[in-house]
Amino acid sequence: MTIQTTPNVAERTWARYTPQQRWKRFATLLVVAAAVVWAVESIDIIWPWVWGAPAQVGDLFGRMVPPDVSNLRAILWALVETLNIATIATFVAVFLSLPIAYIAAQNTTPNRFTLWLGRFILVSSRSVNTLIWALLFVAIFGPGVLAGIIAIMFRSIGFLGKLLGEAIEEIDRRPVEALEATGASRAKVVLYAIVPQVMPTFCAVGILRWDINLRESTVLGLVGAGGIGVILQGAIDTLAWQTVATILLAIIALVILGEALAAWLRKKVI
């Protein structure tokens, strides 16, 4: 007769990771910590300035109170200019990005050359920051709103074309094949089989990009590309901190209103 014994439950301890997994996690954390330490040491931080930053911030905010509203009319006009930059640039970029998204999508591009051409345009647009585009176009067109509009537009094309191209690649092929079977032209296939499927994404991405552009257009004036940033840079250069406070409050109000408007449009359109 054999007696079966069950192992003592208390002797078994549960561990989330095996010893080998724990050592791997420890080694990974060690490498990450070493990389962070090396990165901090390589950027030559002046630590006395860092420790004195709280006092400097308090002093700066003290100089901003109370905000100066004597230039409120000029600030409000600059906000309107900023809004126009974002709106015009987004409107133009949305329509320019459509053919680029079409040739950058694998299921609609005419050939491999156009595929890589479209993707090259999208990557080039997204690789360059808006301020760098603004610096370039200020050098070409001179300071002003036009340079800001073109800079925002060039930056937006990559963002919009990338998302629209991905939406085109994810469409249902059955409506396309049905129209092609009837002998419909390529233009009709695009208009009646592809456009209806990507229209929700088209509207959502356009509204989202306008919201982003509204934020980006507030700093274009720092490099001379128009908008509220021009007045902000002038106030900072002249140490008019009370005017700076008014401008910052105006920018915050504009961004909040833009966010609310974008949310309302998404509910209405999508």
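**Close-up 1. Contacts of I168 in the predicted model.** Leaving aside neighbours within four places in sequence, I168 is in contact with A101, Y102, A105, N107, T108, I194 and V198. I168 also belongs to the largest nonpolar core, where it is among the residues that touch the most other members.

**Close-up 2. The largest nonpolar core.** This core holds 35 residues. F137, M153, I168, V176, L220 and A225 touch the most other members. Four helices each supply at least two residues of the core: α4 (72–104), α6 (130–141), α7 (145–169) and α9 (186–216). The largest share comes from α7, with eleven residues.

**Close-up 3. Helix α3 packed against helix α11.** Helix α3 spans residues 53–64, and helix α11 spans residues 241–269. Their axes lie 7 Å apart, at an angle of about 85°. That angle falls between 65 and 115 degrees, so α3 is roughly perpendicular to α11. On the α3 side, the contact involves L60, R63 and M64. These meet W241, Q242, V244, A245 and L248 of α11. By type, the residues of this contact divide into six nonpolar, one polar and one charged.

**Close-up 4. G221 in the loop between α9 and α10.** Helix α10 covers residues 228–237. G221 has 6% relative accessibility, so it counts as buried. Not counting residues up to four places away in sequence, G221 touches G226, G229 and V230. G148 is 73 residues from G221 in sequence. In space, the two are 8.1 Å apart, C-alpha to C-alpha.

Definitions and conventions: Residues numbered from 1 in each chain as written. Predicted model: local features only at pLDDT ≥ 70, side-chain atom pairs only at ≥ 80, totals over all residues. Heavy atoms only, no water. Core = buried A, V, L, I, M, F, W, Y, C linked by side-chain atoms within 4.5 Å. Buried < 20%, exposed > 50% of the residue type's maximum accessible area, 1.4 Å probe, protein only. Contact = heavy atoms within 4.5 Å. Axes fitted to C-alpha atoms, helices over the stretch in contact; angles between N-to-C directions. Parallel < 35°, antiparallel > 145°, perpendicular 65-115°, else oblique. Nonpolar A, V, L, I, M, F, W, Y, C, P; charged D, E, K, R; others polar.
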